[in-house]
Amino acid sequence: QTPDDGTWTMAARNFEGHRFSGLDQVTPGNVAQLKVAFTFDTGVPKGQESITLVADNTMFIVGPFPNVLFALDLTKPGAPLKWKFDPKPDASSQGVACCDLVNRGAAYADGRVFFNTLDNQTLAVDAKTGAELWRAKLGDIKLGESMTMAPLVVKNKVLVGNSGGEFGVRGWLAALDAATGKVLWRAYSTGPDKDVLIGPNFKPYYASDRGADLGVKTWPPDAWKIGGGTVWGWLTYDPVLDLLYYGTANPGPWNPEQRPGDNKWTSGIFARKPDTGEAVWFYQFSPHDLHDYDGVNENVLVDTPIAGANRKVLLHPDRNGYMYVIDRATGQVLSANPFVHVTTSSGVDLSTGALRYNPQKDPRAGETVRSICPASPGAKDWQPSAWSPRTKLLYVPHQNLCQDTVTGTASYIAGTPYVGLEQKIYAGPGGHRGLFTAWDPVAGKKAWQVEEHFPVWSGALATAGDLVFYGTMDGWFKALDARSGKLLWRFKTDSGIIGQPMSYRGPDGRQYIAVMAGVGGWAGAVVSGSMDTRDATGASGFANAMRDLQAATKAGSKLYVFALPEGTR
Ligand SMILES: O=C(O)c1cc(C(=O)O)c2c(n1)C(=O)C(=O)c1cc(C(=O)O)[nH]c1-2
């Protein structure tokens, strides 16, 4: 185990996406003594999905739209504001945000902080002074594009992608020069091979992903131009293989009858070379995605014995309900076991890689199709998992939801919703809408699981003290024993938690644990957007499943930082 330097400079803490802190002062024996060390209010009571970063004894937080970046001085009592930077994004961008006005955080590298704004800008700010270094305009709100994701910095390149899969956007991932903001390459998720950066080195494992210009040929004519496949989730990087991994979102429109074909390269995963962007392999979790099962969830890189042999794999809990274990050098699926109740498919064929859809659950014109499980937000949405190299378990925050679906014809008008499908989401079997699952990838099954009343929409944190942390949508921040799942401590914050917990070492040598409270996102939009939940189709059908959230919590915008009282052992 490499010692932890106490910083946290990228969303998932390391390139491999582990969200694991090597700090071990807080243990199952003393966690019950955790107390609030300080708080900070971002002042914008929308969904707080952001992760706080720590470097140079400074904490950095980017808030929801208008995406103000704050720097807090950790060397002073109470961590006062050091500087704040207002990027002044275009207010109209709020009209093309699909799911509240969220931002998932910044990235720190070499004295600079990089972050995205809802109106499609990537900015670099001097970490010491808060002065703007550069900004790059990457997309167009008039086409329905927005940006919510946290950048990843690899080899002096800032990697960022767009949102807008519900607006007929064409998805992409771009690499910007960290020094200047210049676009070095941009890889689209649909269209001709030259736009997708598919060349002679592209070697997908399965035959269904081989052939020229599949990003055009697997669509009706021209449909790929407005076909989605946005890149709004997580990026990971393997420095030894020199491969970058990320998922592509759903094809547009949601109504699948308007886009016959596999709809490459949506709802899948790309492995690319960061220097050139060229694709090395691709695998499609949900070909011709029928249920908005974006493939953007995290790809957690671990080396672990599978069937007796040590393998370099990636773990991917997909929206479609399967926990994929994939050889990350080749794209071969080694296993794909369900981690929730699934009715939309009957498994993954490991010889062809194909998802075996259940045609009874296909959305069809003129019919209400019932008991579609998982629902569109999937078995798990963007809320990221954590991996502990000590317990060798993946800690997955997620949901248990099903839905009824009705389709209609979507017409494309630039910058407006392009969906053609209405849904009513509700709790899956058992009635609990949330789950927190510890998954053993070697055994291919869960080690333990906790049920929650509301969807678990926060990220997870694992620590070397053998604890795991997550928050609930009614405001509890919880610490569990990483080995048994036993609840050891909980604290009620003043709003539902959908943030990403993290841990750092303060200038005083103590371990701190931080999380944003402030409910929202797709699941919490009924609260952050003050919706009338009598309309079951509100928040794209999520309102139906979240009627009781309004009574359980209120909107918020507060950072909570916890520590043990000084001198605790
Ligand atoms: O296709 C897209 O471009 C896109 C973007 C986003 C986003 O940027 O937040 C979400 C989704 N899709 C989506 O499908 C989804 O479930 C979702 C949940 C949330 C959230 O913040 O809670 N965002 C998004």
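Modeller: Begin with burial. A residue is buried when its relative accessible area is under 20%, exposed when it is over 50%, and partly exposed in between. One caution: this is a predicted model.

Biologist: Is Arg319 buried or exposed?

Modeller: Apply the cut-off. Arg319 has 2% relative accessibility, so it counts as buried. Asp294 also stands at 2% relative accessibility and therefore counts as buried.

Biologist: What do the side chains of Arg319 and Asp294 form?

Modeller: A salt bridge needs a side-chain nitrogen of Lys or Arg within 4 Å of a carboxyl oxygen of Asp or Glu. Arg319 and Asp294 meet in such a bridge, at 3.3 Å from N to O. Arg319 sits in the loop between strand 20 (309–317) and strand 21, and Asp294 in the loop between strand 18 and strand 19 (300–306), so the pair ties together parts 25 residues apart in sequence.

Biologist: How many salt bridges does the count give?

Modeller: The count comes to 31 salt bridges. Another of them joins the side chains of Arg328 and Asp238, with 2.8 Å from N to O. This pair links distant parts of the chain, 90 residues apart. Arg328 is in the loop between strand 21 (322–327) and strand 22 (333–338), while Asp238 belongs to strand 15. Both Arg328 and Asp238 are buried.

Biologist: Take Arg534 next. Which residue is its salt-bridge partner?

Modeller: The partner is Asp532, and the closest N and O atoms are 2.7 Å apart. Now use the burial cut-offs again. Arg534 has 72% relative accessibility, so it counts as exposed. Asp532 has a relative accessible area of 42%, which means it is partly exposed.

Biologist: Which residues are linked in a network of salt bridges?

Modeller: Lys155, Lys157, Asp242 and Asp275 are linked in this way.

Biologist: How many bridges join strand 15 to strand 16?

Modeller: Strand 15 and strand 16 (residues 243–247) run antiparallel and are joined by 4 bridges.

Biologist: Now strand 27. How many of its residues are buried?

Modeller: For a strand, check each face in turn. In strand 27 (residues 393–399), 7 of 7 residues are buried. One side carries Leu393, Tyr395, Pro397 and Gln399, and the other carries Leu394, Val396 and His398. Both faces are covered.

Biologist: Which strands does strand 27 pair with?

Modeller: Two pairings can be traced from here. Strand 26 (residues 386–388) runs antiparallel to strand 27, with 3 bridges. Ser388 stands opposite Leu393 there. In the hairpin of these strands, 4 residues lie between them, and Lys392 takes a positive phi near 55°. Strand 30 (residues 434–440) is also antiparallel to strand 27, with 6 bridges. In that pairing, Leu394 stands opposite Trp439.

Biologist: Last topic, empty space. What is the general idea?

Modeller: Rolling a probe the size of a water molecule over the atoms shows where empty space is left. The largest pocket has a volume of about 690 Å³. Of its 39 lining residues, Cys98, Cys99, Glu166, Trp522 and Ser540 are the closest to its centre. Strand 29 (421–427) and helix 3 (521–528) each supply at least two residues of the lining. By class, this lining has 16 nonpolar, 13 polar and 10 charged residues.

Biologist: What volume does the largest cavity have?

Modeller: About 130 Å³. The count gives 1 cavity of 30 Å³ or more. Its lining has 14 residues, with Ala11, Ala12, Arg19, Trp234 and Leu235 nearest the centre. That lining divides into 9 nonpolar, 3 polar and 2 charged residues.

Definitions and conventions
Residues numbered from 1 in each chain as written. Predicted model: local features only at pLDDT ≥ 70, side-chain atom pairs only at ≥ 80, totals over all residues. Heavy atoms only, no water. 1 Å grid on protein atoms, 1.4 Å probe; cavity = no way out; pocket = protein on both sides within 12 Å on 5 of 7 lines; lining within 4 Å. Points joined across faces, edges and corners; volume = space filled by probe spheres on them. Nonpolar A, V, L, I, M, F, W, Y, C, P; charged D, E, K, R; others polar. Pairing = 2+ DSSP bridges. Buried < 20%, exposed > 50% of the residue type's maximum accessible area, 1.4 Å probe, protein only.
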